[in-house]
Amino acid sequence: MKKNVPNPKANKNILRLAYAVAGVFVCMVLYLGYFLQFESDSVINNAYNPRVDLLAERVVRGEIRSADGQVLARTVTDADGTERREYPFGQLYAHAVGYTGNGKTGIESLTNFYLLTSHVNLAEQVINQFSGIKNLGDDVVTTLDSTLQQTAWELLGDRRGAVAVMEPDTGKILAMVSKPDYDPNTIAADWETLTADEGGEARLLNRVTQGLYPPGSTFKILTLLEYLREHPQDYDQFHFDCDGVYEQGDYTIRCYHGEAHGSQNLAQAFANSCNGAFAQIGMSLDKEKFRSLAEELLYNQELPLSLPYSESSFSLTKDADDWETLQTAIGQGKTQTTPMHTLMITSAIANGGTLMKPYLVDRLENAGGQEVKKFLPSSWGELMTAEEAGRLAEFMRQVVTEGTGSALRTDAYTAAGKTGSAEFETGKETHAWFTGFAPAEDPEIAVVVLVEEGGSGGKAAAPIARGIFDAYFSGRSDS
């Protein structure tokens, strides 16, 4: 009688199949964990998710409130039973809160699923279900501070631009203003006019996160950081004599309005925003290292941001000609950035080099005011070392005490920052920038201001930042 002899080749094939099945299973488990941790909210909130439409048939969309309890969005039911979304503050929170109806934007979009999820007690839900009554959806409590939002909106006035305020050590967005704006209460009636945009105002565009601009002299923060990295031992020996004009071959770089700054060390050149000095610095830098630094600071990269945004661009390469190199070093040329990205870099400096992920939602509450979910601060990672951040903060402090940021000098608090005046089109006034934080020695709040065609950053943007800092610290002292 023949014995069944195991086939070694068949056994190996079975083992390979078993390993392959096990590998696929492990990958599925890992992906499920990743999905639940990082992707589930975006899928659940997706406008094409049919489950959300079903929820809207059974749940009254919840409220959106400021951090201090102001109702920013709520659902109102008319006498005929028709539901409509109401925004009590109209244009004030337009781009931060967004709208719903003609699509969804802002916090209305980010928290769509949460607003249509009800956590009223189970018994009430069952009774309402059988009675044909909608349950009340959960409320979203944002990180937005109504005082700072109002202050930023009023100070920007009727000018085009953007203002954003953030806590550097948490990532909480305290204010977000973009102008020109729109009234979300009349979004349906105004839709054709807004989308036609015959005046080129781009009112629906959130300039804080989506507006791309040349950074101007605010970019000198990056140029300075690269110079510090390449000259760790002798950066304090830098010297430049400024007569208002810097020439490199056939190219000429002028300081703002041709101002001659005279003899400048590195701190003075940064404080006075001397284009000549930074053009010379740019010519001395390793272009490949400079590009690497820019990308470390999230140029040409995705941002840890939940709102729709435009990606900042940095195009300098090792083969760049002198003109592109000169322009890049002073924040001009092809370099483009958003106010939010600039604020994130500034906040990382204020937070010892660590970037906290910006966020707009603090917690969810049910209709009875009980907390359902809390959103906690989270770190993206280090943009620079703590030593580098501290050194940059010192340079930015001198901008206020001795340089172009003089509008922020006050005995009430200390501030640090960088102004900028960015050329963007021949014959038009420059865009005005300011980015900074306070108190300089222990930052609590970071601000970015962009005024389109505002001229000097020190004269147009810095005073807006000053007003926001004043409102913040005045509120702290009053409490």
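**Entry 1: the largest cavity**

I started with the largest cavity, which comes out at about 70 Å³. I kept in mind that this is a predicted model. With the cut-off I used, the count came to three cavities of 30 Å³ or more.

Helix 15 gives the most, with three residues. I sorted the lining by class and got six nonpolar, four polar and no charged residues.

The largest nonpolar core has 95 residues, and Leu222, Leu266 and Ile349 touch the most other members. Helix 15 is back too, giving the most to this core with seven residues. I also noted another core lying apart from it, made of 28 residues, including Val177, Ala415, Ala438 and Ala465.

I then picked Leu266 and listed what it touches, skipping residues up to four places away in sequence. I got Leu224, Tyr227, Leu228, Tyr235, Phe238, Ile281 and Phe395.

**Entry 2: Thr338**

Where does Thr338 sit? I traced it to the loop between helix 14 (322-329) and helix 15 (339-350). Is Thr338 buried or exposed? I wrote down buried, because its relative accessibility is 0% and the cut-off for buried is under 20%.

Leaving out residues up to four places away in sequence, I have Thr338 touching Val208, Thr209, Gln210, Gly211, Leu212, Ser310, Ser312 and Trp433.

**Entry 3: the second largest pocket**

Last, I went to the second largest pocket, with a volume of about 700 Å³. I counted 31 lining residues, and the closest to the pocket centre are Cys255, Tyr256, His257, Asn275 and Ser421. Which elements give two or more residues to this lining? I got strand 13 (251-254), helix 14, strand 19 (416-422) and helix 17 (457-478).

By class, I have five nonpolar, 21 polar and five charged residues around the second largest pocket. For the record, I set this beside the largest cavity, whose lining has no charged residues.

How values were computed
Residues numbered from 1 in each chain as written. Predicted model: local features only at pLDDT ≥ 70, side-chain atom pairs only at ≥ 80, totals over all residues. Heavy atoms only, no water. Helix = DSSP H or I, 4+ residues; strand = E, 2+ residues; numbered from the N terminus. Buried < 20%, exposed > 50% of the residue type's maximum accessible area, 1.4 Å probe, protein only. Contact = heavy atoms within 4.5 Å. 1 Å grid on protein atoms, 1.4 Å probe; cavity = no way out; pocket = protein on both sides within 12 Å on 5 of 7 lines; lining within 4 Å. Points joined across faces, edges and corners; volume = space filled by probe spheres on them. Nonpolar A, V, L, I, M, F, W, Y, C, P; charged D, E, K, R; others polar. Core = buried A, V, L, I, M, F, W, Y, C linked by side-chain atoms within 4.5 Å.
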